Amino acid sequence: MKTKNLITMLAGTLVLGACSLKEEPYGFYSEDNFYKTAADAEASLTYAYGTLNYLEYSRSVFFLGDMPTEELTTKSDAAADNQDLNNWKVANFKTNGTLENFFKYAFIGVNRANAVIQNVENASFDENARKQILGEAYFLRAWNYFNLVRNFGLVPMHTTMVDELDETSSPFASNLDELYDLILGDCRKASDILPVYDTPKTGRTDRVAAQSLAAKAYLYVASAKEHNVMLYRDMHRDIKEMYDSAAYYAGQVINSQSTYGFEDNLLDIYDVEKSHGKEHIFMMAMDRSGTTEGQYSKISKMFIPYIDGAAIYLKQGDTDTYIPSHDGWGEYRTTPEFYNSFDASDKRKTDLIVSKVYRADGSLNVEYPGALPYPFCRKYIDPNYDGDKTSTRPFLIRFSDVALIYAEAAGPTDKSYELVNYIRHRAGLGDMARNLNQDEFRQAVIQERKFEMAYEGDYMYDLRRTNRIQSVAEAAGLSEDQVTFYPIPQAEINLNGSLR
């Protein structure tokens, strides 16, 4: 057996992160003493999932997916790195710590998934357990690479576990086709071997998650190539085939299983005690019982402004029920422009964005406009918070997201209208306009995504794939190269000579 794997406390992402040597030491098991049982492999898979919960990685969902758009801004004394992302200070992006951490932890996730794949593909324990673990590892590798390519474009390709220093110096993928071959291939492999859970499992994935990710990736390619996005326009893929594939995989999610589906009530989707609800195809696993941040969440603190240091109370829709929450740090701030862009009767505005804060007796405390500095997102509220510890979790894939993917990809069919109108009716709105041509319909669906997927780390990528970043005020005047992808962090270039 190879002795080079027998490393129990080796510092550096030469073991875990593929391109960075700055990661803290972690234990690593060798093939001599691990993967002998399903329990061993399950532990390694849990380790791969654990990357998602790292503070620097989990918060990047919002810093990269929402903050650079008109949806959010940040406070005046926020960290310089996050101010730069918010204000499109592209001259500072190569040394931006938020981008560097995202890049690093994504590759840690890739390498941990590769370790599972490499060691479980031919393992001899129970076949059903082997397929389950292997399928989830394929999903995780595809998930991390999809996030890397959406943000950085061409990145290094790693399909085997990195366990020696000279293996970290992989060059860029030759083109986006090569990267999407890996992403889509992993999604298909995962879809082929994973079962569908009887009930959603928080923080874990199944066949439906793999099909959903395939749909997201196919749509991204189709849309980006159609809109002449840099690098995507050079891909050797047919736009119609990509849209058809996105519709196919989204259709599998919608029509071929009964575990996941629409929730009737908006507030139920974002109830922390209902993380096993039908909408939740994939979400992070954070719980207030955890002992360190990452195991528990402080995401709610990021959205809520500081009010008076005491408990605040939020009204539940149009009922006379009020739930408590801590106040917060005011890092993720809804802009007035985004707040005002909602239809006045849209429940995604009236019920999911807070403009009035109450006291325990139901009396008004502060409101916006007024003493409440901005209207804030209430998708991340935990009434049973324990100090700063909450069970609020990022929503990574929701059923409504997949329904909108199907509609956009399939175009103006009866089924597409049915799905979009369900989402609109749930929000208290009427039907989408009929008799739209394909381009008009797709633009209307993308507009619907803006409101439905708000504050879930998705909007920036919709702008990117439709080539609309330069229409965002802060990015006006920047070049195509500057807005389409973030630059590879300088720290990674310094460590990997193949990237220079």
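**Salt bridges and cavities: group meeting talk**

Let's start with D287, which is partly exposed at 32% relative accessible area. The scale: buried is under 20% relative accessible area, exposed is over 50%, partly exposed is in between, with a 1.4 Å probe and protein chains only. The model is predicted: local features need pLDDT of at least 70, side-chain atom pairs count only at pLDDT 80 or more, and totals for chains, interfaces and linings use all residues. Residues are numbered from 1 along each chain as its sequence is written, and side-chain values use heavy atoms, leaving out hydrogens and water.

What does D287 pair with? D287 forms a salt bridge with R393, with the closest N and O atoms 3.8 Å apart. By salt bridge I mean a side-chain nitrogen of Lys or Arg within 4 Å of a carboxyl oxygen of Asp or Glu. D287 sits in the loop between β2 (280-283) and α12 (299-303), and R393 in the loop between β9 (376-377) and β10, so the pair ties together parts 106 residues apart in sequence. Helices (H or I, at least four residues) and strands (E, at least two) are DSSP runs, numbered from the N terminus. R393 is buried, at 9% relative accessibility.

Next, helix α16, residues 414-426. K415 bridges to E418, closest N and O atoms 3.5 Å apart. They are 3 residues apart in the helix, about one helical turn. K415 is partly exposed at 26%, and E418 is partly exposed at 49%.

R424 also forms a salt bridge, with E448, at 2.9 Å between the closest N and O atoms. R424 is in α16 and E448 in α17 (residues 438-452), so this pair ties together parts 24 residues apart in sequence. Both R424 and E448 are buried. They also belong to a network of salt bridges, whose members include D346, R348, K379 and E456. The whole structure holds 36 salt bridges.

A cavity is a set of points on a 1 Å grid over the protein atoms alone, where a 1.4 Å probe fits but cannot get out. Points are joined across faces, edges and corners, and volume is the space filled by probe spheres set on them.

The largest cavity is about 230 Å³. It has 19 lining residues (an atom within 4 Å of a point). Closest to its centre are V61, W143, N147, R150 and L396. Elements giving two or more residues to the lining are α4 (60-65), α7 (127-152) and β10 (395-398).

Key:
1 Å grid on protein atoms, 1.4 Å probe; cavity = no way out; pocket = protein on both sides within 12 Å on 5 of 7 lines; lining within 4 Å.
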